[in-house]
Amino acid sequence: MGVPANEAGQRQERFDRGMEMLTRVDGESGQRVVEALADINPELAHQVVAWGFGEIYSRPELAARDRQLVTLGMLTALGGCEPQLEVHINASLNVGLTPTEITEALLHAAVYCGFPKALNATFVAKKVFGERGLLPVTGN
């Protein structure tokens with residue numbers, strides 16, 4: 001029994017909207033995540049794109065840079081999310097946050113989630129900034 005055409009069309013529209021947003025924010029790294037899931041859990045990839053980016057991230061109530069600040073704080077607080085932090089630190093730069101703003105957000109996170117998590121996140125930022133030729137960071 002297949003999915004009705006209108007549901008399939010809506011599903012594809014959400015995915016397409018999500019891919020557009022994912023590409024705008026994450027660039028190639030977002031596409032690599034989707035591709036990495038293709039042979040293990042393509043439905044998870046679909047949901048990340050369609051729901052995460054097509055439904056949530058594309059909402060107009062918060063600017064992309066504000067969404068990235070929230071995301072950095074959440075991933076830092078969770079801990080153990082360094083690969084996702086790497087993607088989202090790149091995305092933060094892509095949507096206009098500066099290295100100083102990112103490191104300030106990670107410093108602020110230390111107050112609420114502790115130094116070990118803030119340090120781990122900061123070292124991920126250092127890796128990303130190094131790869132993008134953005135070290136040293138001044139202004140902190």
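# Salt bridges, burial and a cis bond

Mentor: In this predicted model, salt bridges link Arg14, Arg17 and Glu55 into a network.

Trainee: What makes the pair of Arg14 and Glu55 a salt bridge?

Mentor: The N to O distance between the two side chains is 4.0 Å. The cut-off is within 4 Å, for a side-chain nitrogen of Lys or Arg and a carboxyl oxygen of Asp or Glu, so the pair qualifies.

Trainee: Why is this pair said to tie parts of the chain together?

Mentor: Arg14 belongs to helix α1 (residues 5-26) and Glu55 to helix α3, so the bridge ties together parts that are 41 residues apart in sequence.

Trainee: What is the distance in the salt bridge of Glu55 with Arg17?

Mentor: The closest N and O atoms of Glu55 and Arg17 are 2.8 Å apart. This pair also links distant parts of the chain, with Glu55 in helix α3 and Arg17 in helix α1, 38 residues apart.

Trainee: How do you know whether Arg17 is buried, partly exposed or exposed?

Mentor: Buried means under 20% relative accessible area and exposed means over 50%, with partly exposed in between. Arg17 has 36%, so it counts as partly exposed. Arg14, at 31%, is partly exposed, and Glu55, at 30%, is partly exposed too.

Trainee: How many salt bridges does a search of the whole structure find?

Mentor: The search finds nine. One of them joins Glu28 and Arg32, whose closest N and O atoms are 3.8 Å apart. Both residues lie in helix α2 (residues 28-37), four residues apart, which is about one turn of the helix.

Trainee: Why is Glu28 called exposed?

Mentor: Its relative accessibility is 63%, and exposed means over 50%, so the word applies to Glu28. Arg32 has a relative accessible area of 49%, so it is called partly exposed.

Trainee: Is His46 buried or exposed, and how do you know?

Mentor: His46 has a relative accessible area of 11%, which is under 20%, so it is buried. Its place is in helix α3 (residues 42-57).

Trainee: What makes the pair of His46 and Arg11 a polar contact?

Mentor: The contact between their side chains is 3.4 Å, and the limit for such a pair of N or O atoms is within 3.5 Å, so the distance meets it. Leaving out residues up to four places away in sequence, His46 touches Arg11, Phe15 and Trp51.

Trainee: Which residues does the UniProt domain annotation cover?

Mentor: In the unreviewed UniProt entry, "domain: Carboxymuconolactone decarboxylase-like" covers residues 42-126. In the model, that span is 84% helix and 0% strand, with its end C-alpha atoms 31 Å apart.

Trainee: What makes the nonpolar surface patch, and how much area does it have?

Mentor: Leu62, Val70 and Met74 make it, and its area is about 280 Å². Val70, in helix α4 (residues 64-78), has 45% relative accessibility. Patch residues need over 30%, so Val70 passes that test. Gly73 is found in helix α4 as well, and at 29% it counts as partly exposed. The C-alpha atoms of Gly73 and Ala121 are separated by 9.4 Å, although the two residues are 48 apart along the chain.

Trainee: What kind of peptide bond joins Leu135 and Pro136?

Mentor: The bond is cis, with omega about -5 degrees. Most peptide bonds are trans. Pro136 lies in the segment after α7 (115-131).

Terms used. Residues are numbered from 1 along each chain as its sequence is written. This is a predicted model: local features need pLDDT of at least 70, side-chain atom pairs count only at pLDDT 80 or more; totals for chains, interfaces and linings use all residues. Side-chain values use heavy atoms; hydrogens and water are left out. Patches are made of residues with over 30% relative accessible area and no salt bridge: like charges are joined within 9 Å, nonpolar side chains (Val, Leu, Ile, Met, Phe, Trp, Tyr) within 5 Å. Accessible areas come from the Shrake-Rupley method with a 1.4 Å probe; for residues, only the protein chains shown count as cover. Helices (H or I, at least four residues) and strands (E, at least two) are DSSP runs, numbered from the N terminus. Buried means under 20% relative accessible area, exposed over 50%, partly exposed in between (1.4 Å probe, protein chains only). UniProt positions are given in the numbering used here, feature names are shortened, and annotations may be inferred rather than shown by experiment. A polar contact is a pair of N or O atoms within 3.5 Å; within protein, one must be able to donate a hydrogen and the other to accept it, and residues adjacent in sequence count only if both atoms are side-chain atoms. Contact means heavy atoms within 4.5 Å.
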